[in-house]
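Reader: Hey, I've just opened this one for the first time. Can you walk me through it?
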Amino acid sequence: MRGAVLHAPGDVRVEQLEDPRVVEPTDAVVRASATCVCGSDLWPYRGINEVTEPTPIGHEYCGIVEEVGSDVTTVRPGQFVIVPFIASDGTCAHCRAGYQSACAHRVGVTGAQAELLRVPHADGTLVATPEVPSAELLPSLLTLSDVMATGWFAAVAAGVQPGMTVAVVGDGAVGLLGVLSAAQLGAERIIAMSRHEPRQRLATGFGATDIVTERGDEGVARIRDLTDGVGADAVLECVGTGESMDQAIRSTRPGGGVGFVGVPHGVEITGRQLFSTMVRLHGGPAPVRRFLPDLIDRVWSGTIDPGRVFDLTLPLDQAAEGYRAMDERRAVKALLTP
Ligand SMILES: [Zn+2]
């Protein structure tokens, strides 16, 4: 099969690789219908996470089950499935509590920008759609493997409830889908923080009612202005830098919640800051599996169309251009077709 391999910062190549096979009786092998580049793939691509050897890359994936191990009972060959970015057994205490991304036997999906993917713990991980979807639904279904479910978790973790005022820090694909998630969860007012006109338009299309272009102290002041000096009830932190986390915490009202899903790089929070702001923090890698049945329903019924975050579609062979376009912010998110 062909698959994308990160050789060094800025150096992604699509190469011929060995076909993955069923190894454990609980495995499935899935053939890609679509895959894509994640914002978090840019951390190693930019050399912020060290790259020590050529590494197959990618973790957002959906496709047709090709083969299953002898213990797999919930999916069968020919079904279309969404693959969460962390495989989970579905049976441990954390899985049963809905925190599948903290599964005692979790396995991070990698090497998913490829034609085939081996998925461990198939029963605990994969969710099939009612039928094989039409091509038009593919982009939206693909987002459920990570980016849409991550935006959803940001909103759930922030405690978004009907009628709330919500602020979203970050206008990448996760932030934009955080806007959509907050709208679906009934937020009355959604303030998107973005300086980029095309992203502002997408945010508005997903349900943002206000756009704030300022950052730092000015951004915080602007959100206070818009909320009668109170702060937002819930804030979604979708970047992962010290600056964005600081922005999120300071934009939240006392007693409000911050849902943080940006992978933290250089984020430091002091006990004194937590004590004085009286803000609740919850976040981490999204338990995608928990949200999949509900999110599949919402896409399947046409209630949501998160696939609109893809503004670039390329053949898998041109994965390198997808990385470049996202790195240079020429594209919000690149979909790759096998
Ligand atoms: Zn588990």
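Reader: Let's begin with contacts along the chain: what share joins residues at least 24 apart?
Author: Among contacts between residues at least 6 apart in sequence, 69% join residues at least 24 apart. Two residues are in contact here if their C-beta atoms, placed from the backbone, lie within 7 Å. Keep in mind that this is a predicted model, where local features need pLDDT of at least 70, side-chain atom pairs count only at pLDDT 80 or more, and totals for chains, interfaces and linings use all residues. Residue numbers start from 1 along each chain as its sequence is written.

Reader: OK, and which domains does the assignment give?
Author: Domain 1 takes in 2-146 + 287-337, and domain 2 is 148-283. Those bounds come from an automatic or database domain assignment. Their centres, taken over C-alpha atoms, are 26 Å apart.

Reader: How many residues of each domain are in contact?
Author: 17 residues of domain 1 are in contact with 17 residues of domain 2. On the domain 1 side, helix H11 (residues 288-300) gives the largest share, three residues. Helices (H or I, at least four residues) and strands (E, at least two) are DSSP runs, numbered from the N terminus.

Reader: What kinds of residues are on that domain 1 side?
Author: Eleven nonpolar, three polar and three charged. Here Ala, Val, Leu, Ile, Met, Phe, Trp, Tyr, Cys and Pro count as nonpolar, Asp, Glu, Lys and Arg as charged, and the others, Gly among them, as polar.

Reader: Switching to the sheet with six strands: what's the strand order?
Author: S13-S12-S11-S14-S15-S16, an open sheet with parallel pairing. Two strands pair if DSSP finds at least two bridges between them.

Reader: How many bridges join S12 to S13?
Author: Three bridges join strand S12 (residues 189-193) to S13, and the two run parallel. Met193 stands opposite Val212 in S13.

Reader: Which strands does helix H8 touch?
Author: Helix H8 (residues 216-226) packs on the sheet and touches strand S11 (165-169), S12, S13 and strand S14 (232-237). The direction of H8 makes about 155 degrees with that of S13. For such angles, axes are lines fitted to C-alpha atoms, for helices over the stretch in contact, and the angles run from 0 to 180 degrees between N-to-C directions.

Reader: Last one: how many helices and strands does the chain have?
Author: Twelve helices and 18 strands.
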